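Subject: Structure for you to look through

Hello,

Here is the structure that I promised to hand over, together with its sequence. Please open it beside this email and follow along as you read.

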Amino acid sequence: MESKTSTPGTLRILAVCGSLRKKSVNAAVLRAAARLASSATLRIDSALDIEVVLATSLAELPHFNEDDDFPDAAPRTGEARESHPAVARFRGELTLADAVLIASPEYAHGYPGLLKNALDWLVGSGQLVDKPVALSVASPAHLGGFRAQATLLQILQAMNARVVATANFAGIRAKLDRAGEVSDESTLSELRRILEALAAAVQQKRESGDERIDSQSA
Ligand SMILES: Cc1cc2nc3c(=O)[nH]c(=O)nc-3n(C[C@H](O)[C@H](O)[C@H](O)COP(=O)(O)O)c2cc1C
């Protein structure tokens, strides 16, 4: 196990998108979060720089296979074995992140297999354990993907992630401008709330001296 300490004064949020669609509304939600983080409108310690960094596309991850899962980068057999490069990169991004923001669509009342696959790669390696996580779902439908959110929550809790905020953006298409960006003030306000909750959770961890991120190296 390697210990890594995040840079004091900065807070890195890894943005994970559950959609691959070019005009994804969930990707638009994450872009809005990134814009808000770099603006001065958040109610957090002004000495803290928040950056929202987009994770590697989940499409690069191979299908999860326990035979190819080397969570500790240590050989399980006599042969040295390494994780798939995309898996190692994704785990590394999570290791370096203080917090995670997941944005997911709902498909057929569930959440995307893409996201389930990505999460399965983290079960054994543990990058989400005790990590502050915010979970956003966005859908053009009026219920806003609450069923996907409910199941995702159960899975994140099973993985011992510290889920500190959730948001459900129903009717999201009406909240985008002509360029496909989030322009609606109530949506932006919800996103501010989520970012502030993540920042508070990270600061609380740091103040309690629990700022080490223990994980395998990237
Ligand atoms: C196969 C399929 C199933 C869908 N099922 C649901 C659903 O169960 N609930 C829902 O709210 N929207 C559903 N939708 C609509 C998606 O929420 C919508 O396409 C959304 O824009 C996808 O997210 P994205 O824009 O981030 O790609 C479905 C769309 C597709 C293509």
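What follows is a short account of what was found, from the overall fold to single residues.

Please keep in mind that this is a predicted model, in which local features need pLDDT of at least 70 and side-chain atom pairs count only at pLDDT 80 or more, while totals for chains, interfaces and linings use all residues. Residues are numbered from 1 along each chain as its sequence is written, and side-chain values use heavy atoms, with hydrogens and water left out.

The overall fold

The protein has five helices and seven strands, where helices (H or I, at least four residues) and strands (E, at least two) are DSSP runs numbered from the N terminus. Along the sequence these elements follow the pattern β-β-α-β-α-β-α-β-α-β-α-β. Of the 218 residues in the protein, 49% are buried; buried means under 20% relative accessible area, exposed means over 50%, and partly exposed is in between, with a 1.4 Å probe and protein chains only.

The ligand

There are 14 residues around the ligand, and Ser-19, Arg-21, Ser-24, Glu-106 and Ser-139 come nearest; a residue is counted as near if one of its heavy atoms lies within 4 Å. By class, this shell has six nonpolar, five polar and three charged residues, where Ala, Val, Leu, Ile, Met, Phe, Trp, Tyr, Cys and Pro count as nonpolar, Asp, Glu, Lys and Arg as charged, and the others, Gly among them, as polar. In the side chain of Asn-26, an N or O atom is 2.7 Å from an oxygen atom of the ligand, while a backbone N or O atom of Ala-108 lies 2.9 Å from a ligand nitrogen atom. A backbone N or O atom of His-109 lies 2.8 Å from an oxygen atom of the ligand. On its own the ligand has 620 Å² of accessible area, of which the protein covers 69%, as computed by the Shrake-Rupley method with a 1.4 Å probe.

His-109 is found in the loop between β4 and α3, and its phi is near 65°, a positive value in a residue other than glycine.

The cavity

Rolling a probe the size of a water molecule over the atoms shows where empty space is left. A cavity here is a set of points, on a 1 Å grid over the protein atoms alone, where a 1.4 Å probe fits but cannot get out, and lining residues have an atom within 4 Å of a point. The count comes to one cavity of 30 Å³ or more, and the largest cavity has a volume of about 50 Å³, taken as the space filled by probe spheres set on the points, which are joined across faces, edges and corners. Its lining divides into 10 nonpolar, no polar and no charged residues, including Val-16, Phe-90 and Leu-128. The largest share of this lining, four residues, comes from α3.

Two aspartates

Is Asp-69 buried or exposed? Asp-69 counts as buried because its relative accessibility is 4%. Asp-69 sits in the loop between β3 (49–54) and α2 (85–96), and its side chain makes a polar contact with the side chain of Arg-91 at 2.6 Å. A polar contact is a pair of N or O atoms within 3.5 Å; within protein, one must be able to donate a hydrogen and the other to accept it, and residues adjacent in sequence count only if both atoms are side-chain atoms.

Asp-130, in the loop between α3 and β5 (132–138), is partly exposed, with a relative accessible area of 27%.

Best wishes

Technical notes
1 Å grid on protein atoms, 1.4 Å probe; cavity = no way out; pocket = protein on both sides within 12 Å on 5 of 7 lines; lining within 4 Å.
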